[in-house]
Amino acid sequence: MKKITLLLVLAIAFSCENKNKNKEEEKKDILEEKVEEKKPEKFVIELTMRMDNSDGFRLFANGVFINNNRTMNINITEQISKSDNFEPVTLDLPESIRPDYEVGIALGSKEEKTIEFQQAKISYGDIEFLVSPDKMEEYFYFSKDINYNAENGTIKTQKVNGRHDPIMYLRKNVVDKFNL
């Protein structure tokens, strides 16, 4: 009887020790999985900026390849509020939509405005560019409705021929870096 009791106690002790080891191994596996996770395949432009008038910004991607030689144009509109302090404004495309051809941001056509940039972040998955105001023209080109001052990162929009349609276009060489 003493031998059976001793065997049971040893069996319980070893099984508890194995459970603790298994729990520790599981924790290590979970931590390794978290480290290996990639960022979602999502195209995002985040502008840290302030603006003197509220308006609707529109992120667009034209000529996005779908399949079987078909393409589509995507437009995402975001209402942006007037702000006195620098705030991040995030404009993004739906997940797994990779821009192929033309990408731009229409800065709203309600009224003329002044926008001051602190930085821009352009990303898709693990590819990311941080753009300071003095480098903005290396990543974007501007429609004729925009006067851009690289020294202080300020955009002033204006009417041209009675129309107000300010657009920042992402340069083609930047778009191509997301399609490697």
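## Close-up views of a predicted model

**View 1**

**View 2. Tyr-141 and its ring partner Tyr-169.** The model holds 6 aromatic pairs. In one of them, the ring centres of Tyr-141 and Tyr-169 lie 5.0 Å apart with their planes at 15°, so this pair is stacked; the cut-off for stacking is planes under 30 degrees apart. The two tyrosines come from distant parts of the chain: Tyr-141 sits in strand E8 and Tyr-169 in strand E11 (residues 167-170), and 28 residues separate them. Tyr-169 has a relative accessibility of 18% and therefore counts as buried, as the buried class is under 20%.

**View 3. Phe-142 stacked on Tyr-148.** Here the ring centres are 4.9 Å apart and the planes meet at 25°, so Phe-142 and Tyr-148 form a stacked pair. Both partners fall in the buried class: Phe-142 has a relative accessibility of 17%, and Tyr-148 has 15%.

**View 4. A cluster of aromatic rings.** Which residues does this view bring together? Ring pairs join Phe-43, Phe-129, Tyr-139 and Phe-178 into a cluster.

**View 5. The open sheet that contains E8 and E11.** Five strands make up an open sheet with antiparallel pairing, in the order E3-E2-E5-E11-E8. Strands E3 (71-80) and E8 (140-142) are found at the edges; each has a single partner strand, so one side of each lacks a neighbour in the sheet. On average, neighbouring strands here are turned by 20° against each other, direction ignored.

**View 6. Strand E2 alongside E3.** How many bridges join E2 to E3? The pairing of strand E2 (residues 55-65) with E3 is antiparallel and includes 9 bridges. Asp-55 of E2 takes part, with Ile-80 as its bridge partner in E3.

**View 7. The surroundings of Asp-55.** Is Asp-55 buried or exposed? Its relative accessible area is 2%, so Asp-55 is buried. The Asp-55 side chain reaches the backbone nitrogen of Lys-110 at a distance of 3.1 Å. Leaving aside residues up to four places away in sequence, Asp-55 touches Glu-78, Gln-79 and Ile-80, along with Leu-107, Gly-108, Ser-109, Lys-110, Glu-111 and Lys-113.

Definitions and conventions
Residues are numbered from 1 along each chain as its sequence is written. This is a predicted model: local features need pLDDT of at least 70, side-chain atom pairs count only at pLDDT 80 or more; totals for chains, interfaces and linings use all residues. Side-chain values use heavy atoms; hydrogens and water are left out. Two strands pair if DSSP finds at least two bridges between them. Helices (H or I, at least four residues) and strands (E, at least two) are DSSP runs, numbered from the N terminus. Axes are lines fitted to C-alpha atoms, for helices over the stretch in contact, and angles run from 0 to 180 degrees between N-to-C directions. Rings of Phe, Tyr and Trp (its six-membered ring) pair if their centres lie within 6.5 Å; planes under 30 degrees apart count as stacked, over 60 as edge-to-face and the rest as tilted. Buried means under 20% relative accessible area, exposed over 50%, partly exposed in between (1.4 Å probe, protein chains only). A polar contact is a pair of N or O atoms within 3.5 Å; within protein, one must be able to donate a hydrogen and the other to accept it, and residues adjacent in sequence count only if both atoms are side-chain atoms. Contact means heavy atoms within 4.5 Å.
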